[in-house]
Amino acid sequence: MFITLFNFNFSIQNPSIMSKKATNQLQDLQYFGEFGGINPSISDSSTYTFLSAKTMFDTFEGNTEGCYLYSRHSSPSNLYLGEALAALEGTETANVYASGMGAISSVIMQLCDAGDHIVSSRTIYGGTYAFLKNFVKKFAVETSFIDITSLESVEASINSRTKVIYCESVSNPLLEVADIEALATLAKKYGIPLVVDNTFSPLSIAPANLGADVVIHSLTKFINGTSDCVAGAVCGTTDFCLSLKDVNNGAGMLMGSTLDSLRAASILKNMRTLHIRMQKHSQNALFLAQKFEEYGFRVAYPGLKSHSGHETMKKQMHNEYGFGGLITMDVGSLENANAFMELMQTEKLGYLAVSLGFYKTLFSAPGSSTSSEIPLEEQAAMGLSNGLIRFSIGLDHDIERTYKMMKDCMVRLGIEPNPVSA
Ligand code: PLP
């Protein structure tokens, strides 16, 4: 058994009950503005006054509650958003960051010292992959990238220096589904924290309730839902979140990727419709995935019986929010993918753009965009073919019309079903 740095201590709960509870808790959160406003006042200050020098000193030492010092450390607006995210994920608390990568890098730097080792899923967002593969080498931290769906591979990669097991609940871009409960059991056996990026499946999956120790979000995506900013979050125990803010050793505090209060306030407002948006994203994605699969395309969507993670997803998801808004489809070649995406954009079916969680459908070819940090031979090994398009399905009111229009684009371009892409 290896020794953990923090006392991570969540018990495993029924996913269905917990997700309902999370939505209700979110609904019940109430913060009033200064003059009785129905939205909380936005903290429009970088620094805060103290009536006595002693209170200022005590605040530095972390011995005062409810006192604010400096907005890189915390601010009322960031705390409100953090509380909403903690309610969403069923964790004790949450910190918010200026981006998803700000959250990820802070967690990794907090948990690892020079010479440590990380076990990570090999199918993760390209920026995270680059951070874990290249950047942490500066600190002599090494990462083993493994197939996260093979518990044997995960266990075989753990060594005495391993300080983090890292995965995405539903992975970017291949939509592999991690068995979080099984991974958490393994992580606990070795006393290593399990860190899960839940960006693709807010509300559908609640990793902390399945045993994950730290849950990360890129708020840039579904949670904010308006594609107007970048932001991130770390949900976890009070101990761990406070450690990230520590003025002497906290990676969040010292690397400085704090979210601005104005943005925190706008994300909190957008988050209130997350439950409705996730249902619609999931409904629309399931419809298109089924239709394109029937038509003869190789479609990856956790809601399809053909998907390798279908049963795992069903076991740990909350049905009400569906299988998520992302699908990938192979159209045979990068040339086909590019032509199809350009025509769909011309036909106003969505935007040729990276990112996800917007009201319009967004599409990109991950091999040449969001996963381009991953070397070509590794892309091939993980099944990331060059004709693959990743779709973040929008909130289209008439999804049957969307399907017909997309199919029409394919026919016009001569893209046939059953394409084979390298
Ligand atoms: N995690 C996942 C799964 C992502 O898809 C992304 C970005 O695409 C990130 C993290 C990074 O988030 P951000 O762009 O907000 O830094």
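The legends below describe close-up views of a predicted model.

Local features are given where pLDDT is at least 70 and side-chain atom pairs where pLDDT is 80 or more, whereas totals for chains, interfaces and linings use all residues. Residues are numbered from 1 along each chain as its sequence is written, and side-chain values use heavy atoms, with hydrogens and water left out.

View 1. In contact (heavy atoms within 4.5 Å) are 41 residues of domain 1 and 42 residues of domain 2.

**View 2. The open sheet of seven strands.** The strand order is β1-β7-β6-β5-β4-β2-β3, and the pairing is mixed. Strands are DSSP runs of E with at least two residues, helices are runs of H or I with at least four, and both are numbered from the N terminus. Two strands count as paired if DSSP finds at least two bridges between them. β1 (93–97) and β3 are the edge strands, each pairing on one side only. From one strand to the next the twist averages 20°; axes are lines fitted to C-alpha atoms, for helices over the stretch in contact, and angles run from 0 to 180 degrees between N-to-C directions.

**View 3. Strands β2 and β3 with helix α5.** β2 (residues 117–121) and β3 (residues 142–146) pair in the parallel sense over five bridges. Val-119 stands opposite Ser-144 in β3. From β2 the chain passes through α5 (residues 126–133) to β3 in a right-handed β-α-β crossover. Right-handed means that, with the strands pointing away from the viewer, the path from the first strand over the helix to the second runs clockwise. α5 lies across β2, β3 and β4 (162–168), at about 135° to β3.

**View 4. Strand β5 and its neighbours.** β5 pairs in the parallel sense with β4 over four bridges, and also in the parallel sense with β6 (residues 214–218) over three bridges. Tyr-166 has Val-195 in β5 as its bridge partner, while Val-196 stands opposite Val-215 in β6. Both faces of β5 are covered, with Leu-194 and Val-196 buried on one side and Val-195 and Asp-197 buried on the other. Buried means under 20% relative accessible area, exposed over 50% and partly exposed in between, with a 1.4 Å probe and protein chains only. Helix α7 (residues 180–190) lies across β4 and β5 (194–197), running at about 155° to β5. Together β4, α7 and β5 make a right-handed β-α-β unit.

View 5. The strands follow the order β8-β9-β12-β11-β10, with mixed pairing. At the edges are β8 (298–300) and β10 (350–352), each of which pairs on one side only. The twist averages 25° from one strand to the next. β8 and β9 (residues 326–330) are antiparallel, paired over three bridges, and Val-299 stands opposite Met-329 in β9. Helix α13 (residues 334–346) lies across β9, β10, β11 (361–364) and β12 (388–392), at about 135° to β10.

**View 6. Helix α11 and its surroundings.** α11 (residues 274–295) has 22 residues and reaches 31 Å from its first C-alpha to its last, close to the expected 32 Å. The expected span is 1.5 Å times one less than the number of residues. Its buried residues include Arg-277, His-281, Leu-288 and Phe-292. The buried residues of α11 pack against α3 (76–89), α10 (261–271), β8, β9 and α15 (399–413). Gly-296, with a positive phi near 120°, follows α11.
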